[in-house]
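Here is a short report to read alongside the model. Keep the sequence and the 3D view open as you go.

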Amino acid sequence: MRPLLGFVLLHGLFLITGWSILRLLRFVPVRPSRFEALAGAGPAMLLGVCSLVPIQAVLLVCGVPLVPVVTLLLTFAFAAAAAVLSRRRAARDATEGSVVLASWRATGRARGMLTALAVAYLAFGTWALAGLPTVGDDARIWSLKGLTLTYHHTLVADIFQNQGQAGAHPVYPLFQPGFEALLFQAMGSAQLRFFHAELWLLFAAAVWTGAYLIAQRPRTITQRPLWLIGLALLVLTPAVIRNLAMGLADVTGGALLAVGTVSLGLYLTAQDWRLLALAVIPLAAAANTKDEELLATLVTLGAGAAIDLVRNQRGAADGPRRWALPWASAAAYMAALIVPWRLWTRAHHLTDSVQPPLPHALSPAFILHRTHQLNQTIAAMLHQTLSEFGWLFAIFILACAAGLRTRGARVTARFYLASIALSIIALVWLYTTTSVPLSFLIPTSMNRTVDVFMIPCAMATAHLVAQLGETCSDNEPRPRAAAVCQPRSTRGKA
Amino acid sequence: MTSFDGVAELGGETVAGAIVVVLAVLIARRATGRGVTARPIIAASLAGLLALSVALHLRGVGSALAQSGRGHVSAQTGLESCVNESLSGAPVAPRAVGFLAWVKRRLPDGARYVVSPYEGLPDGWCLTTVLLPALPATGAERFEWTLALGSIPAEMQAKIAHHDPNVRVYSPGYALEFDRQP
């Protein structure tokens with residue numbers, strides 16, 4: 001009984017925090033309908049986890065113990081801020097929030113069946129993953145740190161400051177161990193077997209959030225949401241299920257990165273600061289998952305900022321100034337949640353065996369001397385991508401190619417191409433320059449590290465399909481919720 | 001697979017997909033007398049390719065989930081599973097699992113232990129995970145417990161011979177010593 005009660009209470013705190021963020025950002029109205037409350041539950045859960053866990057990880061580095069009381073206090077802080085600020089905005093919010101409902105209605109008669117299938121699949125996946133053993137890297141990295149935090153609440157020196165004991169990757173950040181520890185503390189005992197199912201639920205919440213964000217686009221409401229197939233492909237990929245069953249952090253990091261990337265893609269089209277604010281929350285969590293995700297997050301943010309800057313320079317004279325404030329705020333939030341752990345590991349002289357030898361690894365000459373490793377990495381990466389994800393990467397390339405030739409989808413396609421390409425380059429660089437033999441590293445890790453770009457690929461493809469399916473240009477004024485977008489052939493005739 | 005094979009395969013898939021999309025646009029335009037824009041058709045063709053990929057994955061995902069469902073273990077077995085994994089390929093210590101469970105029942109929370117002599121199996125990270133909340137003593141730290149895992153050192157054997165109550169034997173080669181240091 002205690003584990004179930006603790007599980008419900010902790011997830012209640014996540015939901016309250018996430019819902020407060022959605023209210024603060026005006027994604028949900030002050031008085032939501034039953035559908036709006038239900039539709040916002042997935043994003044609320046994801047945002048709750050992505051805000052509370054990284055903040056508690058930073059507090060942990062600062063000496064504050066990782067305990068549920070701190071989670072409770074942080075939840076109160078978010079809820080109070082939302083209550084105070086959203087009261088002022090109540091009048092404006094009244095018309096917001098029904099776009100998702102309109103988009104959902106566009107699924108027609110299939111929506112009942114879709115809902116039943118999604119719920120059944122979620123339940124089956126939860127059952128299937130809820131009783132698995134703790135093995136491999138989970139036992140030696142993630143759950144080692146997670147259990148230490150569960151029992152000792154602090155960064156115990158014997159484990160976290162000891163190069164030999166701190167798992168195979170002592171510098172890996174604390175998002176997944178912190179999440180695991182909070183869950184086990186709330187449940188009253190270390191429910192190691194259940195944690196795989198918890199990762200599955202978090203992954204489902206990320207896919208749900210992706211769908212929620214894409215459905216926020218009012219122009220899709222006249223189209224049947226074919227883009228949902230892109231998200232279905234993501235949850236139905238066997239490689240993703242297998243990695244979750246191993247309790248690894250790659251799917252979690254990839255899914256958080258994907259949500260942040262799509263939110264950034266939407267921001268670049270809509271220029272709505274709320275989307276950028278929403279993007280940085282899962283991106284900061286992704287950067288706190290693994291080193292690969294940290295690199296991918298940084299290049300994704302960099303690509304987004306550069307494309308937005310070019311776009312703003314072409315627009316109004318004060319474009320660059322208008323560009324700087326939101327991006328500086330985003331960078332400050334990211335830095336506040338990423339830098340403390342990195343400073344802490346540096347202060348305790350912790351290094352990672354797979355870490356490239358810096359600064360030599362940045363030299364083109366160094367990489368040119370490692371063409372054999374480069375070739376090995378690219379071959380293994382392509383093999384993994386094609387064998388585990390099938391046609392997804394080819395469809396992504398096609399969607400980007402179509403997007404680049406389409407008004408309204410051009411900026412998004414450019415951004416997705418740039419961010420995914422840079423994430424791939426970053427991963428190739430990590431493998432090519434590491435001193436660990438690739439004969440060991442590739443067979444033991446490539447089957448999961450490709451998640452860092454393949455999961456964002458799936459979500460980005462879904463968004464591009466949604467944009468291509470629109471019949472209106474994005475340069476037109478944004479229609480109100482539930483308004484019907486006229487087909488192109490009839491536009492201008494009224 | 002070489003990187004050339006991989007690029008060729010990805011290129012082949014992309015070209016095949018592009019042909020499907022272009023054909024879909026041409027057929028739709030011919031059928032509707034050019035009364036339709038290309039965008040929704042491209043979106044629908046891409047969605048069709050995604051649906052095909054979903055169909056190709058269905059069997060694999062069913063198998064992956066069913067395999068996970070069949071792999072359920074008890075909480076105890078789930079925690080100790082890593083002991084039976086050998087990272088180096090060397091055979092695992094035969095009685096290590098039972099011994100660690102026996103030790104875990106005897107170590108109080110936060111106890112500090114060392115494994116002496118440590119012969120590398122099971123690996124230290126797995127051992128630490130299994131024995132938490134007890135902590136491995138590192139550096140010059142004091143420890144109260146010594147685990148003999150696989151072979152018992154001479155000093156501990158002498159204590160066993162003298163029936164020292166602080167040394168408890170699990171089975172030949174496996175013992176636990178409590179050192180009451182001031």
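This is a predicted model: local features need pLDDT of at least 70, side-chain atom pairs count only at pLDDT 80 or more; totals for chains, interfaces and linings use all residues.

A:His349 sits in the loop between helix H17 (319-347) and helix H18 (364-368) of chain A. Its phi is positive, about 55°, although A:His349 is not a glycine.

A:Arg26 also has a positive phi, near 60°, and is a residue other than glycine. Find A:Arg26 in the loop between helix H1 (2-24) and helix H2 (34-39) of chain A. Is A:Arg26 buried, exposed or partly exposed? With 17 other C-beta atoms within 10 Å, A:Arg26 is partly exposed.

## Chain A as a whole

Chain A has 23 helices and zero strands. It runs to 494 residues, and 53% of them count as buried. Now take the contacts in chain A with a separation of 6 or more: 84% of these join residues 24 or more positions apart.

## Where the chains meet

B:Ser68 gives a close-up across the two chains. B:Ser68 belongs to helix H2 of chain B. It has 23 other C-beta atoms within 10 Å, so B:Ser68 is buried. Leaving aside neighbours within four places in sequence, B:Ser68 is in contact with A:Ala128, A:Leu129, A:Leu132 and A:Ala245.

Chain B is divided into domain 1 (3-70) and domain 2 (75-178). The C-alpha centres of these two domains of chain B lie 55 Å apart.

Helix H1 (residues 3-32) of chain B has 30 residues. From first C-alpha to last, H1(B) reaches 43 Å, close to the 44 Å expected at 1.5 Å a residue. Which residues of H1(B) are buried? They include B:Gly6, B:Glu13, B:Gly17 and B:Val21. An α-helix has 3.6 residues a turn, so residues three or four places apart point the same way. The cover over the buried residues of H1(B) includes H19 and H20 of chain A, together with helix H2 (38-70) of chain B.

## The nonpolar core

The largest nonpolar core has 195 residues. Those with the most contacts inside this core include A:Phe203, A:Ala206, A:Leu392 and B:Leu46. Helix H11 (residues 195-215) of chain A gives the largest share of this core, 16 residues. Why does the core lie between domain 1 (3-70) and domain 2 (75-178) of chain B? Both domains give residues to this core, so it lies between them.

Look next at A:Ala206. Not counting residues up to four places away in sequence, A:Ala206 touches A:Leu46, A:Ala255, A:Leu256, A:Ala258 and A:Val259.

## The sheet in chain B

Chain B holds an open sheet of five strands with mixed pairing, in the order E2-E1-E3-E5-E4. The edge strands are E2 (135-136) and E4 (167-171) of chain B, each pairing on one side only. Strand E1 (residues 112-115) of chain B pairs with strand E3 (residues 145-149) of chain B in the parallel sense, over three bridges. E1(B) and E2(B) are parallel too, over two bridges. B:Tyr113 stands opposite B:Trp145 in E3(B), and its bridge partner in E2(B) is B:Pro136.

E4(B) and strand E5 (residues 174-178) of chain B pair in the antiparallel sense over four bridges. Here B:Arg168 stands opposite B:Leu176 in E5(B). The hairpin of E4(B) and E5(B) has two residues between the strands, and B:Gly173 takes a positive phi near 95° in this hairpin.

B:Leu132 and B:Pro133 are joined by a cis peptide bond, with omega about 15°. B:Pro133 lies in the loop between helix H5 (124-131) and E2 of chain B.

Definitions and conventions:
Residues are numbered from 1 along each chain as its sequence is written. Chains are lettered from A and ligands numbered from 1 in the order in which they are written. Domain bounds come from an automatic or database domain assignment. The expected span of a helix is 1.5 Å times one less than its number of residues. A residue is buried if 20 or more other C-beta atoms lie within 10 Å of its own, exposed if 12 or fewer, and partly exposed in between; C-beta atoms are placed from the backbone. Two residues are in contact if their C-beta atoms, placed from the backbone, lie within 7 Å. Two strands pair if DSSP finds at least two bridges between them. A nonpolar core is a set of buried Ala, Val, Leu, Ile, Met, Phe, Trp, Tyr and Cys residues joined through C-beta atoms within 7 Å.
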